[in-house]
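Here are my notes on the model you sent over.

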Amino acid sequence: MMIGVRSPSTEEVGTASEASPATASAAASGARVTFWGVRGSIPTPGPKTIRYGGNTSCVEVRAAGQIVILDAGTGLRLLGQHLASEFNGQPLDLTLLLTHTHWDHIQGLPFFLPVYEPQNHLRILGYEGARHGLDNVLTGQMESPYFPVDLRQVPANIQIEELKGFNFSIGQVRVEAYFANHPGICVGYRLFTPGGSVVFFPDNESHLGHRHSRAPGATEETAQAFARRQEDKLADFLRGADMLIMDTQYKREEYPQHIGWGHGCLDDVVALAIAAEVKRLFMFHHDPDHDDAAIDQMVASARQIVWERKAPLQVEAAREGMPIELPRRKT
């Protein structure tokens, strides 16, 4: 077992990961995106969440010979089982991008089967974890008394890298990061694949809704103008994305009780996606108190907004096990 920690430069991140034989088949299409965990905050198993799923944040992207994992919530366990069955002992070279280190985004790592096989390599990329360092946060949750196996004891080769820049590459997949409006250090990622761009913002609150952190003495007008500028910058980052996976946790009537919690309101998210000319929006980070019927209603509400604004945006709710194929673009 090897576990390493370093802070790579942009150039090093861009050249560190080459496609392994086991991942080469992923290059056959432009990109394939699979949802393994779509829930926010805490897992919600039970009969009322069967259709959309109850596991927390985890999305797999296969493109250009790479397997890129977005977040390590409890959905990571299901992905690990799938990879073990699919590749049947072949060496795996995997990259895990963490948006932040809140529990629902890292709690699946101890149950990820590939880290218990010595032939596998896992690179974990993220930013500094809540003032304690990314390495300390990830290893800490697997120390006694929390877990029986220390991360440093697992057989796989694990490399934890704290990112400093916001532009890097994973093999031939170019990645850009952008700060999310969420408590602590949290980012979203945009992956540029042969099938188009995939943007992942699992935790984010509209600046227009949350303006309570304005500087002392600032007027409401000043705060509104600042919030508008921040939202416009985010729209520019999302501009023209083929697939946007975004935190849409609250209904409009629920949001006032959760302002400042760092999660999205449906109306704000749809408006942002329309403004950014996104092609497909996948509502994500489903509230633990929302059952399948509630999410159905939110999808209908989102589509109504799109219809009223006569926008071409397609809206769906992310569903556990849902695969999305992005055909290779013609050059």
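1. Overall the protein has six helices and 15 strands.

2. Ground rules. This is a predicted model, where local features need pLDDT of at least 70 and side-chain atom pairs count only at pLDDT 80 or more, while totals for chains, interfaces and linings use all residues. Residues are numbered from 1 along each chain as its sequence is written, and side-chain values use heavy atoms, with hydrogens and water left out.

3. Of the 331 residues, 56% are buried (under 20% relative accessible area; exposed is over 50%, partly exposed in between, with a 1.4 Å probe and protein chains only). The protein exposes about 14300 Å², and carbon and sulfur atoms supply 54% of that (Shrake-Rupley method with a 1.4 Å probe; for residues, only the protein chains shown count as cover). Taking contacts with a separation of 6 or more, 72% are between residues 24 or more positions apart; contact means heavy atoms within 4.5 Å.

4. Cores. A nonpolar core here is a set of buried Ala, Val, Leu, Ile, Met, Phe, Trp, Tyr and Cys residues joined through side-chain atoms within 4.5 Å. The largest one has 32 residues, and those with the most contacts inside it are Phe35, Leu97, Phe168, Tyr189, Leu191 and Ile245. There is also a second, separate core of 31 residues, which includes Tyr52, Ala180, Ala276 and Leu313. Going back to leucine 97, its contacts beyond four places in sequence include Val68, Leu70, Leu125, Phe168, Ile170, Tyr189 and Leu191.

5. The sheet. Seven strands form an open sheet in the order E8-E9-E10-E11-E12-E13-E14, with mixed pairing (two strands pair if DSSP finds at least two bridges between them). Why are E8 and E14 left without a neighbour on one side? Strand E8 (167-170) and E14 stand at the edges, so each has a single partner strand. The twist averages 20° from one strand to the next; axes are lines fitted to C-alpha atoms, for helices over the stretch in contact, and angles run from 0 to 180 degrees between N-to-C directions.

6. Strands E11 (residues 196-201) and E12 (residues 243-247) run parallel and are joined by four bridges, with valine 199 opposite leucine 244 in E12. H6 packs on the sheet, where it touches strand E13 (280-284) and E14, and its direction makes about 170° with that of E14.

7. Back to methionine 322. This residue is buried, at 6% relative accessible area.

8. Histidine 105 deserves a look. It is found in the loop between strand E5 (93-97) and strand E6 (121-126), yet its relative accessible area is 0%, so it counts as buried. Which side chains make polar contacts with that of histidine 105? Aspartate 104 does at 3.4 Å, and aspartate 203 at 2.9 Å. The term covers a pair of N or O atoms within 3.5 Å; within protein, one must be able to donate a hydrogen and the other to accept it, and residues adjacent in sequence count only if both atoms are side-chain atoms. Histidine 105 also touches Asp71, His100 and His285, among others.

9. Backbone checks. Most residues other than glycine have a negative phi, and most peptide bonds are trans.
   - Serine 144 and proline 145 are joined by a cis peptide bond, with omega about 15°; proline 145 is in the loop between helix H3 (134-140) and strand E7 (157-162).
   - Serine 41 has a positive phi, near 75°, and at 37% relative accessibility counts as partly exposed.
   - Lysine 310 has a positive phi near 55° and is exposed, at 75% relative accessibility.

Methods
Helices (H or I, at least four residues) and strands (E, at least two) are DSSP runs, numbered from the N terminus.
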